Amino acid sequence: MPRFLSRISLPFILKRLLIAIPTLFVVITVAFFMMRAAPGSPFSNDRRLEPAVEAQILAVYGHDRPLHEQYLTYLGDVARGDFGPSLRNKDKTVSELIGEGLPVSATIGGLAMFFAFVVGGGLGIISGLKQNSAVDYGLMGVATLGISIPSYVVGPVAALVFGVWIPIFAPGGLDLGRMTPYTITLPVITLSLYYIAGISRIMRGSMIEAMRSNHIRTARSKGVPEREIILKHALPIAVLPLVSYIGPASVGVVTGSLVIERVFSLPGIGSFFIDGALNRDYTLVMGVVILFATLILLMNLVADVLYAILDPRVKY
Amino acid sequence: MRNKNGLLSASLAALALSLAACGGGSEVSPDTLRRGISANPDSVDPHKVSSQWENIVIGDMFIGLFTDGADATPVLGMAESYEISEDGRTWTFELKDANWSDGEPVTASDFEFAFRRILTPSTASQYASMLFLIENAEEFYGGEVEADQLGVEAVDDDTLVINLEYPAPYLPGILKHYVSFPVPEHAIEEFGDDWTDPENIVVNGPYRLEQFRTGDFLRSVVNPEWEGVEDLCFTEVIYFPYDDLDAVERYIQTGRLDMNNSFDGQRTDELRERFPGWVRTAPALITTYYSINTELEIFEDTRVRNALAMALDRDFMVNEVLTAGYEPAYSLIPPGTANYTEDGAQVYWADMSQEDRMVEARRLLEDAGFGPDNPLEFEYTYRSTDDNPRVAPAVQASWLEIADWVRPEILQKETQVQYALLRQGDFQIGDGAWVADFNDPKNFLFLLQSNAGPMNYGRYNNPEYDALVEAADNERDLDVRAQMLEEAEQMMLDDMPVIPMWYQVTKNLVDPTLTGFVDNADDVHRSRYICREG
């Protein structure tokens, strides 16, 4: 077994997974009652219902029963893996909807993360190595812009410039359900910009710190070539803070997708979540909340495990 | 160092290359009609929907006894002919020879089945009440009578009889509405709730659903069994639920949409310039009105209600704040409503100038006992969507102008929440709108009948008004009926339980190279009438 694997403790992972269950339970409970506390119902909109009709509809969906009963029923269903029917999208269940939307969101989110780490990491390394040079200032200036301009501004502008004026990419939407580079490049880049900026700043800082550390000075004094110093001795240390950034960043990509999917008319779970919240589609919102919470817990666990693999000092 | 840079630029180059290689969208066939429908359909089951955007999709798939003409007037659909009994309560329809898309014949029993299904509570149709004019429909819905007592009967395969509670001259308007569409009994029995899945769905209209990706698109293709299949200009119709109007403009500019059923009314002029010939508006059967909670003590006095109503400077709001084309409203029923009198009813102060109205409003309030020592304090809530947030400050300003002891507070509510509060009667003065479901005055006046329950937001209760509207229901002579309805509306307007604000317009963007799109108040435009020039 490779040495680094031995640093992962199975009991640790099991413990974390077990802690995830009560966490999820709390998330479900809070979300359930918050959702129900909001005024309005999935069956009300501009259309006014006759009282008799409304009562019947509530009964059909079990919404005429006391809230705590509905809550217990829902918990039972979720425990069996049944998220129930969507209250608004009447032809589909929540699981079917997530099945339709998740591939889109996951592809765009995953690509954006990958892109952000490659580009952001690269830029950060360059900046860190050329600290206080014109290149450094230039890159960090751009990075600061990237952090400060929200994606609901960047998105429409990017769509206008690269989708309409210089039409090299789609101005939004998918190609009848197909994800092609033509359709998803703009959303992926827009989503990744913020993280490119954040990652490059983190990478720059940790690179500068690593290059100043004692073991690098020792290596230099022993005459190790600069390239080898950077690749073998500085990078592995400098990259550590990025790993701990994976957790929060993946959360950000998930929530960021809410905006991006809206701006680019993408049928991902982020769009479903917003529509669901506005329409009081309780089951759909709950399903997405549970999915998001699970993903976030998992990504944090993955980050911790990666950390243990990369940093010999960390033991669980 | 160089190595690192090299790696990075190589990967970027590779990415760029792969993107360039796949660049360009797929070509769209000229036989495809692409319609923006502004929101995702809840369902394609005619019994489970309640919105206009769903009607766009569903109306291309199903045809009722009546159907929409190009201008949305009711024309014969599945019915070949019909007869109305002497008392106007029994309608007998002879059906055409027509088939479902799977080759099964469309029979009278499909209609009977459909009416029973939508009126069965477990179907959970939000629109069931629209059919309560059918004999025993309400009782059947309430579980008081059996299905065989419902006033819809398939006499044989080709003959359907509908009995009504009262003569309703607007029945064809209801029979072309999706609440009255037939549904395939054989397919629903076979597939249950999954009958609307694209692989199972069976239709009797020109297009059949082929794909339904939530929040992305729906695609329908020609139904070869449709009687007019040869005349269809498009072999497929794709519906896009785009709700972001900026995005819609981008899609139009890049040639990805042929039509869209809405646009930002504030930008009408700009859109006319950017997309010449695309902007289409027409008077719609939609009235925006503010409900006054008549159960509150301060609003009990009709003088107070009229004063607040007349103070609002509608001309300013309509011309300076709202969508181009909106008209100031001085009645609840919009002009152009069928089966109504020529001029309709009007608030008694409609002919006064705005200055005079202000003076009169102040006088009325003073008469009602308000003044510096007894200020009129109230709250106005409005919906967060559309033009409503923009117009709210103008509404407040108008009221403030009456006198400094008139103290309105304005409060924005999420649209969903606003309607919930209105229904619960938990408001003082509240903004809302009504879109007619069928073209008849009754569709507006019933909102203020005391038995309308939560739909009568302000809980207006006038037995004389109720009696008049009910009497009109039983009147066979259309002219007499119209007179009675006008009298009822006038009575209601004098009481001013609702403040009519403006009549809305339809807002469509339509490629000028398309023919067959006819502006109409119902805002229904079936794909089968639309063609592309050249």
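Colleague: How many of the 534 residues of chain B, as a percentage, count as buried?

Modeller: This is a predicted model, in which local features need pLDDT of at least 70, side-chain atom pairs count only at pLDDT 80 or more, and totals for chains, interfaces and linings use all residues. Residues are numbered from 1 along each chain as its sequence is written, while chains are lettered from A and ligands numbered from 1 in the order in which they are written. A residue is buried if 20 or more other C-beta atoms lie within 10 Å of its own, exposed if 12 or fewer, and partly exposed in between, with C-beta atoms placed from the backbone. In chain B, 49% of the 534 residues count as buried.

Colleague: What are the radius of gyration and the spans of chain B?

Modeller: The radius of gyration is taken over C-alpha atoms, and the globule rule is 2.2 Å times the number of residues to the power 0.38. Chain B has 16 helices and 19 strands; here helices (H or I, at least four residues) and strands (E, at least two) are DSSP runs, numbered from the N terminus. The radius of gyration of chain B is 26 Å, close to the 24 Å that the globule rule gives for 534 residues, so chain B is as compact as a globular protein of that length. The C-alpha trace of chain B spans about 85 × 75 × 40 Å along its principal axes.

Colleague: Which strands pair with strand 17 of chain B?

Modeller: Strands of a sheet pair through backbone hydrogen bonds, either parallel or antiparallel. Two strands pair if DSSP finds at least two bridges between them. Strand 12 (residues 279-292) of chain B pairs with strand 17 of chain B over ten bridges in the antiparallel sense, and B:Thr281 has B:Lys507 as its bridge partner. Strand 11 (residues 259-260) of chain B is joined to strand 17 of chain B by two bridges, also antiparallel, with B:Met259 partnered by B:Val510. Strand 13 (residues 327-328) of chain B likewise pairs antiparallel with strand 17 of chain B over two bridges, and there B:Glu327 stands opposite B:Tyr503.

Colleague: Is strand 17 of chain B buried or exposed?

Modeller: In strand 17 (residues 498-510) of chain B, 13 of the 13 residues are buried, so this strand is largely enclosed by the rest of the structure. Helix 9 (residues 302-311) of chain B has eight of its ten residues buried, so that helix is also largely enclosed by the rest of the structure. Among the buried residues of helix 9 of chain B are B:Val304, B:Arg305 and B:Leu308. The buried residues of this helix pack against strand 12, helix 11 (354-367), helix 12 (388-402) and strand 17 of chain B.

Colleague: In what order do the four strands of the open sheet in chain B stand?

Modeller: The order is 4-5-7-6, with antiparallel pairing. Strand 4 (79-84) and strand 6 (152-156) of chain B stand at the edges with a single partner strand each, so one side of each is left without a neighbour in the sheet. Strand 4 of chain B is joined to strand 5 (residues 90-95) of chain B by five bridges, and B:Ser81 stands opposite B:Glu94.

Colleague: How many residues does each chain give to the contact?

Modeller: Two residues are in contact if their C-beta atoms, placed from the backbone, lie within 7 Å. Chain B contributes 51 residues and chain A contributes 56 residues. The largest share of the side of chain B that touches chain A, seven residues, comes from helix 1 of chain B.

Colleague: How do helix 6 of chain A and helix 7 of chain B lie, and which residues meet?

Modeller: Two packed helices are described by the angle between their axes and the distance between the axes. Axes are lines fitted to C-alpha atoms, for helices over the stretch in contact, and angles run from 0 to 180 degrees between N-to-C directions. The axes of helix 6 (residues 151-165) of chain A and helix 7 of chain B come within 11 Å and cross at roughly 5°. That makes the two helices roughly parallel, a term for angles under 35 degrees, with over 145 counting as roughly antiparallel, 65 to 115 as roughly perpendicular and the rest as oblique. Residues of helix 6 of chain A, including A:Pro156 and A:Leu160, meet B:Asp246, B:Arg250 and B:Gln253 in helix 7 of chain B.
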